[in-house]
Amino acid sequence: YIAISNGTFEDLYIGDYWTINGVNYRIAGFNYYYNTGDSPLTTNHITLVPDTILYTHVMNDTRTTEGGYINSKMYTEGLEQAKTTIRGIFGTHLIKHRQALSNATTDGKASGWAWVDSEVELMSEPMVYGSVIWGESTIGGSGYNVGVGKSQLPLFALNPQMINAGQTYWLRDVISALSFASVSSGGTAHSHYALDAHGVRPAFSIS
C-alpha cells in the first residue's frame with residue numbers, strides 16, 4: 001500500500017496478483033484513472049481485475065437497455081455483491097472516483113451520460129479490447145458508452161489471453177435496444193440480451 005500511495009509502485013508489476021478466497025485479483029494498470037473525472041482523481045492507485053467472474057447476474061429483467069448502464073438492474077442492484085466482497089477485502093483502500101456512465105438511450109443507442117461516484121464497475125469495450133466493437137451512441141461511434149474507460153488496460157494489451165476468462169461476462173456498453181456488450185466464453189467480442197444471466201467481472205482501484 002505504501003508503494004501504491006507514494007506512486008513508486010516498487011516491486012509491483014502488471015500481471016501480479018493476490019489470491020484471496022480462491023479468486024486472483026490481478027494488477028491491470030497503474031494510475032489508469034489519474035486526472036480523470038469532473039473532480040479529477042489525483043490519488044496514486046492501481047486498477048485490479050479478477051481473473052474469473054465473481055458470480056452471474058442479469059443486466060435487466062427484460063430484453064431492454066432503456067436508460068443505459070446507470071439505470072440497469074446490474075448497476076442498481078447486481079453489483080452490490082461484488083462491492084460487498086471487494087470492500088470486505090480492501091476496505092478503506094478502495095478508491096472512490098468519478099466516472100461518466102451512460103444514463104439514456106434512443107433507438108437502441110446510448111444517448112446521454114452522467115458523472116457519478118464509482119468504486120466497482122463493469123468494464124467498457126475499450127478497456128478490454130482496446131477499441132469499440134459493437135457499442136453504439138447516437139452521436140456516432142460509442143462516446144456515451146466509454147467515458148473515462150477509453151483505453152485498453154495494460155494487462156489485456158500485454159497478455160491478451162487474460163481477456164478470455166473461459167466464462168461469458170458482461171461489459172457496460174449499450175449495443176442495441178435489447179443487448180449489452182459482453183465477452184463470450186469462447187473469447188469472442190459479443191453481445192447478449194439484457195435479461196441473460198452472465199458473469200460479473202468488474203474493475204476497481206485501490207490506493
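# Notebook: strands, rings and charges

I began with Tyr-193, which lies in strand E10, residues 189-193. The model I am reading is a predicted one. With a relative accessible area of 34%, Tyr-193 is partly exposed. I then looked up its surroundings on the surface and found that Tyr-193 belongs to a nonpolar patch with Leu-178 and Leu-195. Together these three residues have about 230 Å² of accessible area. I also checked the ring of Tyr-193 for charges: the charged end of Arg-63 sits over it, 3.9 Å from the ring centre. A further case of a charge over a ring is Lys-83, which lies over the face of Tyr-75 at 5.9 Å from the ring centre.

**Entry: the five-stranded sheet**

I next traced an open sheet of five strands, whose order is E1-E2-E3-E12-E7 with antiparallel pairing. Which strands stand at the edges? They are E1 (17-20) and E7 (120-121); each has a single partner strand, so one side of each is left without a neighbour in the sheet. I recalled that strands of a sheet pair through backbone hydrogen bonds, either parallel or antiparallel.

I followed E1 to its partner E2, residues 23-30: the two run antiparallel and are joined by four bridges. Within this pairing I noted Thr-19 opposite Asn-24 in E2.

**Entry: positive phi**

I looked up backbone angles around E2. Most residues other than glycine have a negative phi. Asn-21, although not a glycine, has a positive phi of about 55°. I placed Asn-21 in the loop between E1 and E2. Is Asn-21 buried or exposed? Its relative accessible area is 74%, and I recorded Asn-21 as exposed because the threshold for that class is over 50%.

Asn-31 also has a positive phi, near 50°. I found Asn-31 in the loop between E2 and strand E3 (46-50). At 22% relative accessibility, Asn-31 counts as partly exposed; I note that the class of buried residues ends at under 20%.

**Entry: aromatic pairs**

My search of the whole structure gave seven aromatic pairs. Among them I examined Tyr-32 and Tyr-33, an edge-to-face pair with 4.8 Å centre to centre and 85° between the planes. Both Tyr-32 and Tyr-33 are buried.

I then turned to Trp-113 and Tyr-144, a pair that is also edge-to-face, with 5.5 Å centre to centre and 85° between the planes. How many residues apart are these two? They are 31 residues apart, and the pair links distant parts of the chain: Trp-113 is in strand E6 (residues 109-118), and Tyr-144 is in helix H5 (residues 143-146). I checked the cover of each ring-bearing residue. Trp-113 is partly exposed at 43% relative accessibility, whereas Tyr-144 is buried at 17%.

I also recorded one aromatic cluster formed by Tyr-25, Phe-90 and Phe-204.

**Entry: salt bridges**

The structure holds six salt bridges, of which I looked into several. Asp-51 and Arg-26 meet through their side chains in a salt bridge of 2.6 Å, N to O. Asp-51 lies in the loop between E3 and strand E4 (56-57) and Arg-26 in strand E2, so the pair ties together parts that are 25 residues apart in sequence. I found both Asp-51 and Arg-26 buried.

I then examined Arg-98, which forms a salt bridge with Asp-38, the closest N and O atoms being 2.8 Å apart. Why does this pair tie together parts that are 60 residues apart in sequence? Arg-98 lies in strand E5 (residues 97-106), and Asp-38 lies in the loop between E2 and E3. With a relative accessible area of 41%, Asp-38 is partly exposed.

I found Arg-98 again in a salt bridge with Asp-117, at 3.1 Å, N to O. This pair links distant parts of the chain, Arg-98 in strand E5 and Asp-117 in strand E6, 19 residues apart. Asp-117 is partly exposed, with a relative accessible area of 46%.

Which residues are linked in a network of salt bridges? I recorded Asp-38, Arg-98 and Asp-117.

Note on methods. Residues are numbered from 1 along each chain as its sequence is written. This is a predicted model: local features need pLDDT of at least 70, side-chain atom pairs count only at pLDDT 80 or more; totals for chains, interfaces and linings use all residues. Side-chain values use heavy atoms; hydrogens and water are left out. Patches are made of residues with over 30% relative accessible area and no salt bridge: like charges are joined within 9 Å, nonpolar side chains (Val, Leu, Ile, Met, Phe, Trp, Tyr) within 5 Å. Accessible areas come from the Shrake-Rupley method with a 1.4 Å probe; for residues, only the protein chains shown count as cover. A salt bridge is a side-chain nitrogen of Lys or Arg within 4 Å of a carboxyl oxygen of Asp or Glu. Buried means under 20% relative accessible area, exposed over 50%, partly exposed in between (1.4 Å probe, protein chains only). Two strands pair if DSSP finds at least two bridges between them. Rings of Phe, Tyr and Trp (its six-membered ring) pair if their centres lie within 6.5 Å; planes under 30 degrees apart count as stacked, over 60 as edge-to-face and the rest as tilted. A charge sits over a ring if NZ of Lys or CZ of Arg is within 6 Å of the ring centre and within 35 degrees of the ring normal.
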